[in-house]
Structures are given as structure tokens and as C-alpha cells.
Amino acid sequence: MSKPTPKSQAIDGKLYRLFCERFPTMCDSEGRLQVVDLAKELKMSLEGVYRWLRADEISKRGRNRLIKVSESLNGPNPLTEDDLRSFL
């Protein structure tokens, strides 16, 4: 079994930056994504969200969850399939 990458590496990717940009209510006052809060909104484990962030990759099911949560949090500016296509 390979050793998991550190959680600190999760903040270096494009997916992390997209989440910070499109989920500003999930960020602290310094602009850092509060992964715990996002995981709760997505009804996912914390490690599952970190896995996405480290890999810069999501599943189709994850894409659907993100779009649904984004619609409730972002109102008129939700994430779209086009926003997430490069992460599939």
C-alpha cells in the first residue's frame, strides 16, 4: 500500500483554488478552505474531500454532489459541469 500524501499538499492544486473561489463561505478570513465544513455540506468524509484535493480529481458522483451543494450555497453562480470537467 502506498503512503498517503500529506494534507498540506492538498492546497497546491487547481481543485483547491476552484473551491476557494466558488465556495467563499467555506473559507476562513485568510481565504483558506475549511475542508471540514465542505465535507459536512457534501455529506462526505473529511478524508474523501482531501483525497480529491490531493489528486486534483473527482468522480462523476462527486461532480454531481458538488454541483448540487454549489447550487444551494452559490445561488445564481453555481459550479457547472464545464467547471469540473477537467477534474474527472
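Arg 22 is buried, with a relative accessibility of 11%; here buried means under 20% relative accessible area, exposed means over 50%, and partly exposed lies in between (1.4 Å probe, protein chains only). In this predicted model, the side chain of Arg 22 meets that of Asp 83 in a salt bridge, at 3.1 Å from N to O. The term stands for a side-chain nitrogen of Lys or Arg within 4 Å of a carboxyl oxygen of Asp or Glu.

This pair joins distant parts of the chain, 61 residues apart: Arg 22 sits in helix α1 (residues 14-22) and Asp 83 in helix α5 (residues 81-84). Helices are DSSP runs of H or I with at least four residues, strands are runs of E with at least two, and both are numbered from the N terminus. Asp 83 itself is partly exposed, at 24% relative accessible area.

## The other salt bridges

By the rule above, the count comes to five salt bridges. One of them pairs Arg 32 with Asp 28 at 3.0 Å, N to O. Arg 32 is partly exposed at 43%, and Asp 28 is partly exposed at 23%. Asp 28 and Arg 32 also belong, with Glu 30, to a network of salt bridges.

Asp 82 forms a salt bridge with Arg 85, and their closest N and O atoms are 2.4 Å apart. Asp 82 counts as exposed, at 55% relative accessibility.

## Reading the values

Residues are numbered from 1 along each chain as its sequence is written, and side-chain values use heavy atoms, leaving out hydrogens and water. As the model is predicted, local features need pLDDT of at least 70 and side-chain atom pairs count only at pLDDT 80 or more, while totals for chains, interfaces and linings use all residues.
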